[in-house]
Amino acid sequence: MTGRLLTRPPVRLVRPLALLLALGALLTPMLAQNKTVASRVGFVDADALVQAHPDYKKIQEVQSQARKELAPLEEKLKPLDEKVRAGQATAKERQDYEALAKTYQATLKKWQDRQNQVLKPILEDVDKAIAKVAKAQGFSVVMSRQVAAQSGLVVYADEDTDLTQAVIQELKR
């Protein structure tokens, strides 16, 4: 009988031991995931990056064309808008105002869509350049300086966290 006690541990020891092993198995991955890793946060001037892109001239061209087409519509709309707001517009003027406003909105949307088509590949290039510079310099997070400042999310950032010039250099390659 004593030989049997040596081969099989008492039930009192098995339950706590099994509980400790199960707890250890559950906690080990959690502890491994919670290791502290230093994170560096960088900032960029997003507007400066877009303007520094070699294809930024294309955006300026689209904006110039849009202004040329929208300016005459705005000139016609302004006096009608003032009359409508003041309640002094005739039925014909209100009708003209509504038709002109629809034309203006459609034209504006057309130019916004064209600008977005030109802007999309530029933004993709900027994002890739930011990622490349951030990885090379050990930054794990990069934020827009303007958004961080406006939101109040960041109240202080050291100048060496500004990646704008490094990203501009990467865009020129």
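Thr-161 lies in the loop between α6 (145-151) and α7 (164-171), helices being DSSP runs (H or I) of at least four residues, numbered from the N terminus. The model is predicted, with local features requiring pLDDT of at least 70 and side-chain atom pairs counted only at pLDDT 80 or more, whereas totals for chains, interfaces and linings use all residues. Residues are numbered from 1 along each chain as its sequence is written, and side-chain values use heavy atoms, with hydrogens and water left out.

Because its relative accessibility is 14%, Thr-161 counts as buried (under 20% relative accessible area; exposed is over 50% and partly exposed in between, with a 1.4 Å probe and protein chains only). Apart from residues up to four places away in sequence, Thr-161 contacts Val-41, Gly-42, Phe-43 and Phe-139 (heavy atoms within 4.5 Å).

Val-84 belongs to helix α4 (residues 56-86) and, with a relative accessibility of 28%, is partly exposed. Beyond neighbours within four places in sequence, Val-84 touches Ala-89, Arg-94 and Tyr-97. Arg-94 is ten residues from Val-84 along the chain, and the C-alpha atoms of the two are separated by 6.5 Å.

Glu-124, in helix α5 (residues 91-137), is likewise classed as partly exposed, at 39% relative accessibility. Together with Asp-55, Asp-125 and Asp-127, Glu-124 forms a surface patch of negative charge. Patch members have over 30% relative accessible area and no salt bridge, like charges being joined within 9 Å; a salt bridge is a side-chain nitrogen of Lys or Arg within 4 Å of a carboxyl oxygen of Asp or Glu. Charge positions are taken at CG of Asp and CD of Glu.

Conventions
Helices (H or I, at least four residues) and strands (E, at least two) are DSSP runs, numbered from the N terminus. Patches are made of residues with over 30% relative accessible area and no salt bridge: like charges are joined within 9 Å, nonpolar side chains (Val, Leu, Ile, Met, Phe, Trp, Tyr) within 5 Å. Accessible areas come from the Shrake-Rupley method with a 1.4 Å probe; for residues, only the protein chains shown count as cover. Lys and Arg count as positive and Asp and Glu as negative; His and the chain ends are not counted.
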